[in-house]
Amino acid sequence: MSKLVIMRHGESVANHTNTFTGWSDVPLTKKGAEEAIKAGKRLKETGIQFSDVHTSVLKRAIVTAEIVLDVIDQDFIPEHKSWRLNERHYGALRGQNKEEVRKRVGDTQFMKWRRSFYAVPPKLDEVPPVRKYRRLGVVEPPAESLKMAYDRMIPYWQDEIAPRLLDGKNQLIVAHGSTLRALIKYLENISDKGIDGVEVKNGRPIIYTFDPDLDILDKTYLK
Ligand SMILES: O=C(O)[C@H](O)COP(=O)(O)O
């Protein structure tokens, strides 16, 4: 029986100011770092030994993962970073205050951009080149729906995570609200409509236990 723990990064400065973030690379707040420490302590109590940790290439996930590994005394495990685990790209909404956008466009459009599977947020007119993505040969998208994020994230699951779990190796993923909603949708076979209501909180680990065929035996939330 292998275990997968998925966790959203701790509070970022953009979460704190209620700003659309996506692929913007923002640090954790002090509270975010404390959430990571708390999550690490709760994880330590479970005694799970991980073989690998996977993060996006965004520092709020990377730093959260490193804090957790430190607290659980598993800093030595291989750390894999992939743009495929990045937050969904919020396009031209990034950097905008969520409350101001909500007031401007109304609740329905606001929630559609944030929670529906297919809605694409307003696109960036121009995507400035970022060395981090250029060196990976990745073209930063002008915006992504959750479906688009799902489509680029699932190959990472199939290539890098599922085979390790099938080999009985416990895996930790520290990523983002949207990528983790996409993964939960895939793992639990949630409908396109049903995913609207799924929320992933900062710094709260979710533990999946799988049988040898990678069917879910149990799902536990750590508070
Ligand atoms: O990218 C962001 O703004 C957040 O990490 C997730 O935001 P959401 O909860 O509005 O999708």
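**Entry 1: strands.** I began with strand β1 (residues 2–8) and strand β4 (residues 171–175): five bridges join them, and they run parallel. I count two strands as paired if DSSP finds at least two bridges between them. I then looked up arginine 8; its bridge partner in β4 is alanine 175.

**Entry 2: source.** The model is predicted, so I note its limits: local features need pLDDT of at least 70, side-chain atom pairs count only at pLDDT 80 or more, and totals for chains, interfaces and linings use all residues. Residues are numbered from 1 along each chain as its sequence is written.

**Entry 3: the sheet.** I traced an open sheet of six strands, ordered β3-β2-β4-β1-β5-β6, with mixed pairing. From one strand to the next, the twist averages 20 degrees.

**Entry 4: α7 and α8.** Next I checked helix α7 (residues 146–166) against helix α8 (residues 177–188). Their axes come within 9 Å and cross at roughly 70 degrees. Here axes are lines fitted to C-alpha atoms, for helices over the stretch in contact, and angles run from 0 to 180 degrees between N-to-C directions. I therefore logged α7 and α8 as roughly perpendicular to each other (65 to 115 degrees; under 35 is roughly parallel, over 145 roughly antiparallel, the rest oblique).

On the α7 side they include Leu146, Met153 and Trp157; on the α8 side, Arg181, Leu183 and Tyr186. By class, this contact has nine nonpolar, two polar and two charged residues. Nonpolar means Ala, Val, Leu, Ile, Met, Phe, Trp, Tyr, Cys and Pro; charged means Asp, Glu, Lys and Arg; the others, Gly among them, are polar.

**Entry 5: two asparagines.** Which loop holds asparagine 18? I found asparagine 18 between α1 (13–16) and α2 (30–46). Its phi is positive, about 60 degrees, although it is not a glycine. Asparagine 18 has 13 C-beta neighbours inside 10 Å, so I count it as partly exposed (buried takes 20 or more other C-beta atoms within 10 Å, exposed 12 or fewer, partly exposed lies in between; C-beta atoms are placed from the backbone).

Asparagine 189 sits in the loop between α8 and β5 (206–210). Phi of asparagine 189 is also positive, near 55 degrees. With 8 C-beta neighbours inside 10 Å, asparagine 189 counts as exposed.

Notes:
Helix = DSSP H or I, 4+ residues; strand = E, 2+ residues; numbered from the N terminus. Contact = placed C-beta atoms within 7 Å.
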